[in-house]
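Student: Could you help me learn to read a protein model? I would like to start with its domains and then look at aromatic rings.

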2 protein chains.
Amino acid sequence: MRVALLAHEKFPDRSKTANGILRYSDHEVVAVLDRENDGANVSDFLSDVQDAPIVSTMSEVEEPVDALVVGIAPIGGGFDETWRPDVRNALERGCEVISGLHYFLEDDSEFRNLAEEHGGELWDVRRPHEDLGVADGVADQVDAEVILTVGTDCSVGKMTATMELLEAAQARGESAAFIPTGQTGIMIEGWGNPIDRVVSDFTAGAVEEMILERGNDYDYLFVEGQASIVHPAYSAVTTGILHGSMADKLVLCHEEGRETVHGYDQDLPDLDTYVDLFESVAAPVADSEVVAGMLNTRDVPDDETAREAVEEYAEDLGVSATDPIRFDADEVLDAVL
Amino acid sequence: MRVALLAHEKFPDRSKTANGILRYSDHEVVAVLDRENDGANVSDFLSDVQDAPIVSTMSEVEEPVDALVVGIAPIGGGFDETWRPDVRNALERGCEVISGLHYFLEDDSEFRNLAEEHGGELWDVRRPHEDLGVADGVADQVDAEVILTVGTDCSVGKMTATMELLEAAQARGESAAFIPTGQTGIMIEGWGNPIDRVVSDFTAGAVEEMILERGNDYDYLFVEGQASIVHPAYSAVTTGILHGSMADKLVLCHEEGRETVHGYDQDLPDLDTYVDLFESVAAPVADSEVVAGMLNTRDVPDDETAREAVEEYAEDLGVSATDPIRFDADEVLDAVL
């Protein structure tokens, strides 16, 4: 699919979804829309991802485009009216428009009418499908081994760690798939359940459903975790994914230097506590064991210090660890597979 | 409020909501609708609750009625079309109709029109309100001490235990309120958030919201817990309530003889494990301690055996325990307050 990524005023530092698509998806990105960086290129800001020109508006994108992806999420998840001409232009060209906003494009009558008129589609990835239900507790019956990333907090790099593990496994020739639980993962993979948006009774069920759907077609499933088991607001999501996935193996993700819950006045417990909690809460449902660690060292200035931090993290956890971006996910793959 | 309770073919063994209202609410129950027990009285089946005649249809209820409550929940939560004449009759009399079904009465155009025409109202208690949000992690800032019932499984008696604790505290002259998290509690209290129906991201937030709303008007808040922290399908709900309430004290509820998760092929862990899990998962967010136990002995034939079971339960937990229905919640109140 040929896509344009809307990332006005937020590229690249606050455009997590756009960056994830540039880095991991199979889509060809033909342009990034960011009126603040008009005329630059993706490669001026990000390395190791596909390059694309940055333009101000959708109307400046001359190549054929299959989809426009809203690649940013403003606080509150609302729709910024200054984006309306871009979405309108995409729909008039018959494009699909894919959005992870809380504001559903499908509920916007202008967009719905334009999509109908020009044969385009609207996909609100945060809208769960209608047939979700409660878990049956059977995710462990699939053939695949299930590996779940868990974390010490939100935004420590679970999605990235999961993607890097997947790619490392595939690079070794393993049959492996990604189970997407959040909007970026869903947009990259083109399917998935937005677990933070499902009814709380169906949290585990929505994960189990995905495991059952893919679990007999692959040897390994890498499940994207969310939040943390001691997060004051989002622990329900974490626990539902832990039990719904019935994971065989857990990979604990952390960001170097993070000491408090992001945005909250709450200290993170020590790493042993995390390992204990994830394993002991999982235990009555599934034998899930922390087998590797992923440390996000993006704020560590040099590789040598980062390597030391990773080694200390591995020692604290008692398992092998790496930074999958700065170093390589392959370093821990033997422990994970 | 004067209410009629719809409980066709399910009274009293499968009418948990109707029974809860008969036992705990301030409403005056003028009739129970159950065409299988037409002509009998509530007191023929249940003791220790208000009495009311049982009739076949709403049209047979001659007294003035303020509300018709759908007091049963069929598997799947659908609306049974044989109930339509009862709901229609209630609405034509200008009554409110209160329902905890998954099927929302407000989405039924006949009911909506009748309510509008006759000035009645429809209250679907399982529909969460629109303004829910994420928790701020501040429930511990209220004046009240927060006591949460937790359980080893679903349907072990958490709602009942919570109500009995509330009444025992009030009987001692304490200033105490109930925080309803499920449909029966919401119907009894006339307000509350149906936690199992909220978006998973808002699970903790929906509990916190209620604590903040009542927490400075009372000395004690008794929060109704849901499911269990190791439930394969519903643990997300449990964990969200645990963290959202930031409870000071926990009361562990269990049913005598329950050894596996109801409806699942999963053994319950031992009681020590439950105490450990609830306390250790809570700890990074709040100092929550298991201070008492509630044992449901409804399937134990005699009081002596039940007393022995309660004593063993107390010993296993290392705290005082009771069966709040067969014996008295007051027995553990000193440990709870």
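Student: How far apart do the C-alpha centres of domain 1 of chain A and domain 2 of chain A lie?

Tutor: They lie 28 Å apart. Domain bounds come from an automatic or database domain assignment, which here gives domain 1 (2-124) and domain 2 (139-336) in chain A. This is a predicted model: local features need pLDDT of at least 70, side-chain atom pairs count only at pLDDT 80 or more, and totals for chains, interfaces and linings use all residues. Residues are numbered from 1 along each chain as its sequence is written, chains are lettered from A and ligands numbered from 1 in the order written, and side-chain values use heavy atoms, leaving out hydrogens and water.

Student: How much area do domain 1 of chain A and domain 2 of chain A bury between them?

Tutor: Buried area is the accessible area (1.4 Å probe) that two parts lose on being put together, summed over both. Here the two domains bury about 1200 Å², 64% of it on carbon and sulfur atoms. In domain 1 of chain A, the residues losing the most area to domain 2 of chain A are Thr17(A), Tyr24(A) and Trp123(A), together 47% of what that side buries.

Student: How many aromatic pairs are there over all chains?

Tutor: Rings of Phe, Tyr and Trp (its six-membered ring) pair if their centres lie within 6.5 Å; planes under 30 degrees apart are stacked, over 60 edge-to-face and the rest tilted. By this rule there are eight aromatic pairs over all chains. The ring centres of Phe79(B) and Trp83(B) are 5.7 Å apart with planes at 85 degrees, so this pair is edge-to-face. In chain A, one aromatic cluster is formed by Phe79(A), Trp83(A), Tyr103(A) and Phe111(A).
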